[in-house]
Amino acid sequence: MSAAVSFKGVSKRFTLHHERPRTLQELAIGLLGGGRGGTEELWALKDVDFEVEEGESLGIIGPNGAGKSTILKLVAGIMRPTSGETVIRGKVSPLLELGAGFHPDLTGRENIYLNAALLGVRQRETKARFHEIVEFSELERFIDVPLKHYSSGMYMRLGFAVAVNVDPAILLIDEVLAVGDEAFQRKCLAKIEEFQREGRTIIFVSHSLPTVKKLCNRALWLDEGCMRSMGVAEEVVDEYLEAVRAEPD
């Protein structure tokens, strides 16, 4: 087996811009050192080093702000690392924030073609898969309605339907399965399990630790941008839960 995803010493820095002065008085105070202006560096990832083998399912866990979504965006090519190297082998289909890759003023139909194009799928391929996408989403009645009238659950349905029907080698999922009704969540989980049987690679970010245990072979625990643990999913999840329970109230 060869690695579908490889991170070698990857760090990612963001620059936070604090509130800029709106008046001459605020500018003067800032120059004298009493203002709130300026910038601050935030390291979302610090020297992260791991591999995901082809056909493996990796769960990424940790508290909010740990760097989980940053890893997915680096795999998807939305961001580049500040330092280190990422190697991605295979077509990536990301299902990240709700609404990512969609335009609220366009209809569901138009957004299917838009989102698929952003994933590198040609129009004729999308046309051939259009019925399957709509059928999976269960949004037939609303497919010609602008997305600005969709609920968050409908956004998730459409996004997931596109993501799994563009023949990805690597599927990225970021917590969006928590949105929507239970029946559709079960349908999504069944599709993920089908992908696993087909030998596709999955990277799954979730706060639902039982789901991580159920779906993933291995898990990566992140904390403040650093790797705390990586190994068998059940063991890493249990280790994480022990650490959370040991934290002071």
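Q: Leaving aside its neighbours within four places in sequence, which residues is Asn115 in contact with?
A: Keep in mind that this is a predicted model. Contacts like these show which parts of a chain meet. Here, setting aside neighbours within four places in sequence, Asn115 touches Ala100, Gly101, Phe102 and Val162. Asn115 itself sits in helix 3 (residues 108–118).

Q: Is Asn115 buried or exposed?
A: Look at the relative accessible area: under 20% counts as buried. Asn115 has 10%, so it's buried.

Q: How do I read the way helix 5 and helix 6 cross?
A: Start with the angle between the axes; under 35 degrees counts as roughly parallel. The axes of helix 5 (residues 152–164) and helix 6 (residues 182–197) cross at roughly 15 degrees and come within 12 Å, so helix 5 is roughly parallel to helix 6. Their crossing is left-handed.

Q: Which residues of helix 5 and helix 6 make the contact?
A: Helix 5 brings Met156, Arg157, Phe160 and Val164, while helix 6 brings Phe184, Cys188, Lys191, Ile192 and Phe195. Sorted by class, that's seven nonpolar, no polar and two charged residues.

Q: What about the rings of Tyr113 and Phe130?
A: For an aromatic pair, check the planes: under 30 degrees apart counts as stacked. Tyr113 and Phe130 have planes at 20 degrees and centres 5.8 Å apart, so they're stacked. The pair joins distant parts of the chain, with Tyr113 in helix 3 and Phe130 in helix 4 (residues 123–137), 17 residues apart. Tyr113 is partly exposed at 25% relative accessibility, whereas Phe130 is buried at 14%.

Technical notes:
Residues numbered from 1 in each chain as written. Predicted model: local features only at pLDDT ≥ 70, side-chain atom pairs only at ≥ 80, totals over all residues. Heavy atoms only, no water. Axes fitted to C-alpha atoms, helices over the stretch in contact; angles between N-to-C directions. Helix = DSSP H or I, 4+ residues; strand = E, 2+ residues; numbered from the N terminus. Parallel < 35°, antiparallel > 145°, perpendicular 65-115°, else oblique. Left-handed = near helix turned anticlockwise from the far one by under 90°. Contact = heavy atoms within 4.5 Å. Nonpolar A, V, L, I, M, F, W, Y, C, P; charged D, E, K, R; others polar. Buried < 20%, exposed > 50% of the residue type's maximum accessible area, 1.4 Å probe, protein only. Phe/Tyr/Trp six-rings, centres within 6.5 Å; stacked < 30°, edge-to-face > 60°.
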